[in-house]
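Trainee: Could we go through this model together, with the reason behind each term as it comes up?
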Amino acid sequence: EQIPVELHKVRMVQKLFLKPIEERKAAMEEAGFNTFLLSTKDVFLDMLTDSGTNAMSDNQISSMLQADDAYAGSQSFYRMEKALREVFGKHYVLPAHQGRAAENIVSQAFIKKGEVIPMNYHFTTTKEHMELNGGKVLEIYADDALQIKSDKPFKGNIDIDKLKDVFSTYGKEKVAFVRMEASTNLIGGQPFSMQNMRDVKKICEENETMMVLDASLIGENAWFIKQREEEFKNAEIKDILLEMCSYADLVYFSSRKVSSTRGGGIVTNSKDLYMKMRDLLVLYEGFLTYGGMSVREIEAMAVGLNETCDETVISQSPSFIAYAVNELDAAGVPVITPPGALGCHIDAMGFLPHVPQTDYPAGALATALFIISGIRGMERGTISSVRDENGDDIPADVELLRLAFPRRVFTLSQTKFVIDRVKWLYENRELVGGLEWVEEPPLLRFFMGRLKAK
Ligand code: F0G
């Protein structure tokens with residue numbers, strides 16, 4: 001048994017509450033069977049997301065106290081700019097209030113109606129922004145990338161033949177840019193390899209097309225490159241990060257994930273690309289030296305970026321995830337393997353074979369796990385998908401319950417509690433039934449939608 005060890009000590013804590021099951025059931029009914037609508041007062045272990053919930057370090061918290069409040073020209077911004085230049089190797093910095101704000105700017109600046117955007121896989125807000133600007137998302141992962149049980153180390157790779165086909169089918173003038181998402185979120189936090197980035201870059205260059213990197217989970221992807229790609233087994237994380245970013249013409253990120261608990265941004269070495277985004281940024285996000293963030297957040301982001309180069313920081317979440325995934329897998333619970341970044345991803349269709357996909361098994365599983373344990377996960381399946389032009393559900397490629405492991409938040413005994421409760425639910429899976437809509441918002445329905453037991 002490989003036991004992960006916390007490479008930090010706990011110096012500030014927050015009390016948790018484990019309420020009786022009847023209260024959790026009532027809370028779930030109140031929340032419309034949607035874990036997004038729960039109140040944290042009813043939640044025991046909050047594994048909804050790592051976004052904005054990673055633990056901050058003592059150095060981050062102390063940096064926040066020396067923040068320089070100014071609308072323009074704040075020293076806090078220059079410290080963050082310096083960190084981004086060093087860690088991502090990009091000169092021009094556009095700060096944004098979070099990742100989707102960066103997606104808005106990038107999509108408005110670089111996508112024209114009728115263009116396509118090939119990528120390893122979409123993210124919910126990414127796809128919405130691209131489509132709002134008239135673009136079409138093309139997912140060109142390998143044929144076996146969505147296989148739940150697998151030993152492929154880099155399921156987040158772009159399939160190179162499919163990328164070539166995109167250029168020959170649409171012509172390079174119709175390809176807005178190629179997007180690669182580090183630790184591909186919706187397919188189970190699966191990384192891509194450095195070799196794949198090099199191959200994608202080569203094709204982008206041949207076709208004079210921009211390559212865009214979503215670096216929200218770049219630290220973990222760099223960690224997996226070090227673990228799983230022979231060439232990098234002795235490399236320093238900072239060099240891996242720099243090489244990854246060097247292939248991208250433009251890098252954007254949610255720093256709610258990558259480095260701290262708030263913020264985001266866009267970086268590039270091209271003055272031309274920078275100028276295409278600069279004025280939009282001022283319009284949507286705020287002046288160039290704060291971009292919708294508070295100066296305290298900017299300071300924490302700068303320190304956090306440097307900590308992303310520290311193996312004892314970025315190995316934490318993947319090692320706890322690997323422990324949970326391996327234990328559940330050994331017990332026969334269907335989970336995505338190999339273990340990835342962000343969280344433990346349970347295959348809801350394998351877990352609940354009696355619940356048809358039209359009854360939203362991942363949503364049903366998220367609901368049931370909360371009721372029996374107080375653990376809040378996130379549905380990443382058809383509820384998080386959309387309807388087609390005829391109003392029919394587009395079934396998600398994979399129907400997942402994601403249990404996020406925010407960096408350095410949960411202990412090993414809490415992780416064991418999670419494993420124990422998931423196993424119990426698996427043994428008692430026939431108790432779980434499907435869901436149906438009560439209130440379905442037209443846009444990003446998974447956030448605010450309400451459902452009921454079918
Ligand atoms: N890109 C990726 C790969 C993400 O995972 C996220 C957010 C975003 C962009 C958007 O960033 O939230 O700062 O606006 N993922 C969160 C999650 C919400 O829970 O997986 P944001």
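Mentor: Let us start with the record: the unreviewed UniProt entry gives residues 46-416 the annotation "domain: Aromatic amino acid beta-eliminating lyase/threonine aldolase", in the numbering used here, and such annotations may be inferred rather than shown by experiment. This is a predicted model, in which local features need pLDDT of at least 70, side-chain atom pairs count only at pLDDT 80 or more, and totals for chains, interfaces and linings use all residues. Residues are numbered from 1 along each chain as its sequence is written.

Trainee: Which residue does UniProt list as "modified residue: N6-(pyridoxal phosphate)lysine", and in which helix does that residue lie?
Mentor: The unreviewed entry lists K257, and K257 lies in helix α10 (residues 255-258), where a helix is a DSSP run of H or I with at least four residues, numbered from the N terminus.

Trainee: Why is K257 called buried?
Mentor: A residue is buried if 20 or more other C-beta atoms, placed from the backbone, lie within 10 Å of its own; K257 has 30 within 10 Å, and therefore counts as buried.

Trainee: What is K257 in contact with, leaving aside its neighbours within four places in sequence?
Mentor: K257 is in contact with D50, S51, S216 and L217, contact being C-beta atoms, placed from the backbone, within 7 Å.

Trainee: How do you know that the radius of gyration of the chain agrees with a compact globule?
Mentor: The rule, 2.2 Å times the number of residues to the power 0.38, is set against a radius taken over C-alpha atoms; for 454 residues a compact globule would be near 22 Å, and the chain has 21 Å, so the two agree.

Note on methods:
Helices (H or I, at least four residues) and strands (E, at least two) are DSSP runs, numbered from the N terminus. A residue is buried if 20 or more other C-beta atoms lie within 10 Å of its own, exposed if 12 or fewer, and partly exposed in between; C-beta atoms are placed from the backbone. Two residues are in contact if their C-beta atoms, placed from the backbone, lie within 7 Å.
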